[in-house]
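Start with the overall layout, then move to the contacts.

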Amino acid sequence: MSGDMIPLLTKALGETVYMVVVSMAIATVFGIPLGVLLHTTSKGQILENLTLNRIIGSIVNAIRSIPFIILMVAIIPLTRLIVGSAIGTTAAMVPLVIASIPFIGRQVETSLKEVPYGIVEAALSMGATPMQIIWRVLLPESMPSITAQLTTVIIALVGESAMAGAIGGGGLGDLAIRYGYQRFRPDVMIATVIILIVLVQLVQFAGNTLAKRLNKK
């Protein structure tokens with residue numbers, strides 16, 4: 001691989017990290033409360049509301065059922081409205097966030113279901129309010145699992161950010177398409193794949209390590 005590709009690979013990696021970190025941060029802010037709401041409004045839980053739970057669950061399932069490449073194209077008008085453009089790393093973050101919020105919500109819901117209801121009942125018997133139970137029981141008890149689940153979401157985001165290159169989203173995917181595929185440069189394709197593999201391995205290692213440290217059992 002020629003030396004002129006090193007700066008391009010470095011720039012593309014920076015764009016990918018930027019997309020993933022910012023998208024994950026925004027999606028987490030909305031996704032965790034969504035997961036809490038999905039869990040606590042389900043049958044037999046502290047804020048049981050089956051009608052609300054079904055409505056939210058249906059919306060979440062509908063968004064999750066849309067393939068990411070189709071979602072990116074379908075919300076181009078919304079992307080333009082929010083960031084003023086449908087091309088570039090910032091524009092790519094709009095579909096990344098929208099795709100990640102319901103994904104995080106379901107993952108968090110799964111983690112919260114792992115908390116023994118006996119602990120919740122004990123808190124209720126001591127007069128704890130629903131918000132106190134959420135903040136002092138459900139989230140702390142499920143944090144190792146939530147961390148592991150969020151790691152899975154980050155890895156999915158890495159793959160989706162590469163896919164965003166198909167519509168000019170920047171990052172490693174864009175570099176692989178423009179230089180590797182369109183200019184018949186297999187060395188560039190191989191380099192981007194290797195970088196993505198290493199990035200995923202690092203994310204998985206960091207997530208596993210953090211989850212183990214949070215697990216006090």
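The paragraphs below go from the overall fold to helix pairs, then to a cavity and a pocket.

This is a predicted model, in which local features need pLDDT of at least 70 and side-chain atom pairs count only at pLDDT 80 or more, while totals for chains, interfaces and linings use all residues. Residues are numbered from 1 along each chain as its sequence is written, and side-chain values use heavy atoms, with hydrogens and water left out.

The protein has nine helices and zero strands. Helices here are DSSP runs of H or I with at least four residues, strands are runs of E with at least two, and numbering starts at the N terminus. Along the sequence the pattern reads α-α-α-α-α-α-α-α-α. Taken along the principal axes, the C-alpha atoms fill a box of roughly 70 × 40 × 25 Å.

Take the helix pairs next. Axes are lines fitted to C-alpha atoms, for helices over the stretch in contact, and angles run from 0 to 180 degrees between N-to-C directions. Angles under 35 degrees count as roughly parallel, over 145 as roughly antiparallel, 65 to 115 as roughly perpendicular, and the rest as oblique.

Helix α4 (residues 76-83) packs against helix α5 (residues 89-113) at an angle of about 120°, with their axes 9 Å apart. That angle makes α4 oblique to α5. The crossing of α4 and α5 is right-handed. A crossing is right-handed if the near helix is turned clockwise from the far one by less than a right angle, and left-handed if anticlockwise. Contact means heavy atoms within 4.5 Å. On the α4 side, Leu78, Thr79, Ile82 and Val83 meet Thr90, Ala91, Val94, Pro95 and Ile98 of α5. This contact of α4 with α5 divides into seven nonpolar, two polar and no charged residues. For these classes, Ala, Val, Leu, Ile, Met, Phe, Trp, Tyr, Cys and Pro count as nonpolar, Asp, Glu, Lys and Arg as charged, and the others, Gly among them, as polar.

Helix α5 also packs with α7, at an angle of about 150° and with axes 9 Å apart. α5 and α7 are therefore roughly antiparallel to each other. Their crossing is right-handed. The contact of α5 with α7 holds 13 nonpolar, nine polar and one charged residue.

What is the relation of α6 to α7? The axes of helix α6 (residues 117-125) and α7 come within 11 Å and cross at roughly 160°. That makes α6 roughly antiparallel to α7. The crossing of α6 and α7 is right-handed. Ile119, Val120, Ala123 and Leu124 of α6 make the contact with Ile133, Val137, Leu138 and Glu141 of α7. The residues of this contact divide into seven nonpolar, no polar and one charged.

On a 1 Å grid over the protein atoms alone, a cavity is a set of points where a 1.4 Å probe fits but cannot get out; a pocket is an open set with protein on both sides within 12 Å along at least five of seven lines; lining residues have an atom within 4 Å of a point. Grid points are joined across faces, edges and corners, and a volume is the space filled by probe spheres set on the points.

A search of the whole structure finds one cavity of 30 Å³ or more. The largest cavity has a volume of about 70 Å³. It is lined by 13 residues, and the closest to its centre are Ala86, Ala91, Ala92, Pro95 and Ile167. α4 and α5 are the elements that give two or more residues to this lining. The largest share, three residues, comes from α5. By class, the lining of the largest cavity has nine nonpolar, four polar and no charged residues.

The second largest pocket holds about 160 Å³ of space. Its lining consists of Ile32, Pro33, Val36, Leu37, Thr40, Leu47, Met131, Ile134, Trp135 and Leu139. The elements giving two or more residues to this lining are α1 (5-40) and α7 (130-163). The largest share, five residues, comes from α1.
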